[in-house]
Amino acid sequence: MTVRVIVALGALLSLVTGNAAAAPASAAAEYAKHFEALSKLSVDVARAMPPESYSFRPHPESMTFGELMSHIATTNYQFCAGLKDSPVPALPSPANKDGVVKFLSDSFDYCTAVIPNLPEEQLSAPHNSPDGRLPGREVLLAMYIHVAHHRGQAEIYLRDKGIKPPSYRI
């Protein structure tokens with residue numbers, strides 16, 4: 001082999017092993033890594049709306065902004081309790097911005113305690129969820145899609161009020 005080939009193989013090997021060292025140790029850790037960004041942005045969106053606009057709804061058939069944020073929180077608890085095969089804890093019914101932001105943040109904290117600890121068996125086994133009985137991986141995917149969908153709606157609510165939504169970050 002030529003020196004160039006040996007150097008190229010060495011560089012490739014260091015890239016592969018370097019990436020392997022940085023990769024999450026389990027599938028649950030991979031899900032948890034992405035959940036952190038989902039959580040932070042969602043709470044930032046909730047914080048961006050002024051308190052007086054939590055009752056804003058862009059259309060008579062739409063949820064208010066506060067109801068939308070509370071809906072995300074409620075379903076987070078439902079998805080993650082299902083992953084634990086446990087009942088949904090008692091949930092508050094917040095009436096103001098501070099209460100809704102805390103409820104949303106607490107729902108992400110609840111899930112953050114569940115997701116990284118899911119063994120392979122729980123990721124493969126079926127669990128109850130708001131979308132029916134699904135394997136754990138599909139419960140997580142359904143939850144991530146649900147949060148992203150409604151957070152996207154919430155960003156439109158912010159724009160309707162002339163507020164630039166927080167930027168997405170990984």
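How close do the axes of α2 and α6 come, and at what angle do they cross? In this predicted model, for which local features require pLDDT of at least 70 and side-chain atom pairs count only at pLDDT 80 or more, totals for chains, interfaces and linings use all residues. Residues are numbered from 1 along each chain as its sequence is written, and side-chain values use heavy atoms, with hydrogens and water left out.

The axes of α2 and α6, taken as lines fitted to C-alpha atoms over the stretch in contact, with angles running from 0 to 180 degrees between N-to-C directions, come within 10 Å and cross at roughly 20°. The two helices are therefore roughly parallel, a class that comprises angles under 35 degrees. The crossing of α2 and α6 is left-handed, in the sense that the near helix is turned anticlockwise from the far one by less than a right angle. Contact being defined as heavy atoms within 4.5 Å, the residues of α2 that meet α6 include Ala27, Tyr31, Phe35, Leu38 and Val45, and those on the α6 side include Leu140, Tyr144, Val147, Arg151 and Leu158.

The protein chain has 6 helices and 2 strands, assigned as DSSP runs (helices H or I, at least four residues; strands E, at least two) and numbered from the N terminus. Their order along the sequence is α-α-α-α-α-β-β-α. Of the 170 residues in the protein chain, 37% are buried, that is, under 20% relative accessible area with a 1.4 Å probe and protein chains only.

Helix α4 (residues 97–114) contains 18 residues, and its end C-alpha atoms are 26 Å apart, which agrees with the 26 Å that it should span at 1.5 Å a residue, the expected value being 1.5 Å times one less than the number of residues. Among the buried residues of α4 are Val100, Phe103, Leu104, Phe108 and Tyr110, and the elements covering its buried residues include α2 (27–48), α3 (65–83) and α6 (136–160). At the start of α4, a side-chain oxygen of asparagine 96 lies within 3.3 Å of the backbone nitrogen of aspartate 98.

Histidine 150, which is found in helix α6, counts as buried because its relative accessibility is 9%. Leaving aside neighbours within four places in sequence, histidine 150 is in contact with Met63, Leu68, His71 and Ile72.

Notes
Buried < 20%, exposed > 50% of the residue type's maximum accessible area, 1.4 Å probe, protein only. Polar contact = N/O pair within 3.5 Å; in protein donor to acceptor, adjacent residues only side chain to side chain. Parallel < 35°, antiparallel > 145°, perpendicular 65-115°, else oblique.
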